[in-house]
Amino acid sequence: MLSPNLSAIFYLISGVLFILALRGLSSPETSRQGNFFGIIGMAIAVTVTFLLIGNFSSGFVVVLIFLLIGGLIGAFIAYKIPMTAMPELVAGFHSLVGLAAVFVAIAAFLNPEAFNLGSPGNIKLGSLIEMSIGAAVGAITFSGSIIAFLKLQGIMSGSPITFKGQHPLNALILISIIVVTYLLCSTQSPNLFWILLAISFLIGFLLIIPIGGADMPVVISMLNSYSGWAAAGIGFTLENTALIITGALVGSSGAILSYIMCKGMNRSFFNVILGGFGATEQSSLQQNKEQRPVKSGNADDAAFLMKNASSVIIVPGYGMAVAQAQHALREMVDTLKKNDIKVSYAIHPVAGRMPGHMNVLLAEANVPYDEVFELEEINNDFANADVAFVIGANDVTNPVAKTDPQSPIYGMPVLDVEKCKSVLFVKRSLSPGYAGIDNDLFYKENTLMLFADAKKMTEDITKNL
Amino acid sequence: MEIDPFIFRLSIFILSIFIGYYVVWSVTPSLHTPLMSVTNAISSVIIVGAIIAGLAGNSDTIFNTSSIFGFLAISLAAINIFGGFLVTQRMLSMYKKKKKDK
């Protein structure tokens, strides 16, 4: 049996290894080593826990069985999941962390002796507060992630669900969570503990349903952050350094990602959280819709334009993920490169449904990461490029964000696609994008619209090159 | 008067938030998806608490309400640990540099 002091040192070592795991992600070369550090850290934490308890009786076998079941399911999912489903997977994983935190909190509440927290009905006050916070945040993470998962999976409509009195209701529930926590800590009543869990689950659902599909990058990052804070809350209860360090890391990681995503849309965090974006503008726009001429072309025209270009910039968006066009796109680019045309990719921070979504899809299609650029790196290059190929992106290219202060997306950083000599825009129809506003780019003199499914169009262009 | 150990844990927590802040800002944006999946995996170190709960019973009462929640939490966290690390590894193995030959 390991002494508590020695095991605390080992927990610290796992915490440090987790920091190194994140540090590795600063570049793709060091990232694989970082992931390996993370695995070692986890192995140490689990092994040390077994040695610390030193109970290798029949209960140990049951623990191993449950560990194995979970491990097999996890490994199976990890190998089977298509890369396009990564946002759903991450949302699903967040919900599991949340639920695990809730279960651990319940276990600790029912059997506090096992955790050295006092006895049932007489749990140490500090531990009870930490436990309640961990359980409540865990429950919110769980139910919120379930909704995010359903929306991303398309089981639930991606459009915002709003109703009258939504915000006052949410505020009321949030206040009651604080009140119930206070009462729970002063009375230690198990009933209040269950009520706390129930209303926390409820608020998780209610907080996410008004948020629309394209705001999912913020939601996923936010839930990522919550799962960290839940883990940290439980870490305080268990007095476990590895859990406290990890919770803090994950919590701040998610918060930073949410910030980056909000900044990519030029919207405040609260504006996103309050939801309903895009739902109202769409209806008002229908009335004053004027017919403006657009130029549309076919694969042949597009191939002709690109063949005569010397540099092409590809702008992928969520539509590319939906059409699963990344492989077809890379084949097209390969053909272009054979003709000595310089090709690079421009990624907007909020392209896709989660941070880094486009990068993963392009990596899957064997696009080298040094051809893929972020907005700030590449935005000045559009003026010198011959062709911009916009595939599945819309709002992130809309010049209105720079010119029209009335527009809902005014001030949002956009890719300067219109500065290219010519723009090829692959889209299924002229319908406005998520923000519900018309894209001025459609009507520009140098824009050629390619009305088709992204994958099919890309394949056709390749044939014509 | 002695300092409550809670204060030390709070110090670790606050300092870790700062470490997290600086470390995550240095993550390259192209790896933000792997960042999310790996943070998922490491936050499942909550399995430590689940194991304590699962092993709390004696040989007569392996299964009581508390330990059952512990066992379930072990499975949930294990899905995340294995799933999270493996899917991260799968993603990271796809990030390749441009080949030298042309």
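1. A:Ala346 stands opposite A:Phe373 in strand S5 of chain A. The model is predicted: local features need pLDDT of at least 70 and side-chain atom pairs pLDDT 80 or more, while totals for chains, interfaces and linings use all residues. Residues are numbered from 1 along each chain as its sequence is written, chains are lettered from A in the order written, and side-chain values use heavy atoms, without hydrogens and water.

2. Strand S4 (residues 342-347) of chain A has 5 of its 6 residues buried (under 20% relative accessible area, 1.4 Å probe, protein chains only). Strands here are DSSP E runs of at least two residues, and helices H or I runs of at least four.

3. S4(A) pairs in the parallel sense with S5(A), residues 372-374, over 3 bridges, and with S3(A), residues 311-316, over 4 bridges; pairing requires at least two DSSP bridges.

4. S4(A), helix H15 (residues 357-364) of chain A and S5(A) form a right-handed β-α-β unit, meaning that the path from the first strand over the helix to the second runs clockwise with the strands pointing away from the viewer.

5. For helix H2 (residues 28-53) of chain A, 26 residues at 1.5 Å a residue should span 38 Å, and the end C-alpha atoms are 39 Å apart, which agrees; the expected span is 1.5 Å times one less than the number of residues.

6. Buried residues of H2(A) include A:Gly34, A:Gly38 and A:Gly41. Their cover includes helices H1 and H3 of chain A and helices H2, H3 and H4 of chain B, contact being heavy atoms within 4.5 Å. Just after H2(A), A:Gly54 takes a positive phi of about 65°.

Technical notes: Buried < 20%, exposed > 50% of the residue type's maximum accessible area, 1.4 Å probe, protein only.
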